[in-house]
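Student: Please take one part of this model and go through it closely. I would like a connected account of how that part sits against the rest of the chain.

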Amino acid sequence: MDRAVVAMAMRDRAARLRPGTTFCPSEVARDLAEDWRPLMPLVREVAADMPEITATQKGNPVDPVTARGPIRLGRV
């Protein structure tokens, strides 16, 4: 999967958010592939490289690549 395609899907999902809401990275992966689980590391890597996307875990900012467990993504 191309990183640009993942970034576009993430921007699209973020653009549809209501203010103050977040989404799960798996939502982006599910938008891109039926077999979405293998895409999860790439989705997290792309999120880490996007300055307009923030990652949180239990409400605290985290690095989406190194965070273990579920995270949420949202607009900065």
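Tutor: The face of α1 turned away from its buried side carries Met8 and Ala15, which are exposed (exposed is over 50% relative accessible area, buried under 20%, partly exposed in between, with a 1.4 Å probe and protein chains only). This is a predicted model, in which local features need pLDDT of at least 70, side-chain atom pairs count only at pLDDT 80 or more, and totals for chains, interfaces and linings use all residues. Residues are numbered from 1 along each chain as its sequence is written, and side-chain values use heavy atoms, with hydrogens and water left out.

Helix α1 covers residues 3-15; helices here are DSSP runs of H or I with at least four residues, strands are runs of E with at least two, and both are numbered from the N terminus. The buried residues of α1 are Val6, Ala7, Ala9, Met10, Arg13 and Ala14. They lie on the same side of α1 because their arc around the axis is only 165°, taken from the directions from the helix axis to the C-beta atoms.

That buried set packs against α2 (25-32), α3 (40-48), β1 (53-57) and β3 (72-75), where contact means heavy atoms within 4.5 Å. Leucine 32 belongs to helix α2. Leaving aside neighbours within four places in sequence, leucine 32 is in contact with Met1, Val5, Val6, Ala9 and Leu39. Leucine 32 and valine 6 are 26 residues apart in sequence, with 7.7 Å between their C-alpha atoms. Leucine 32 counts as partly exposed, at 24% relative accessibility.

Technical notes:
Expected span 1.5 Å × (residues − 1).
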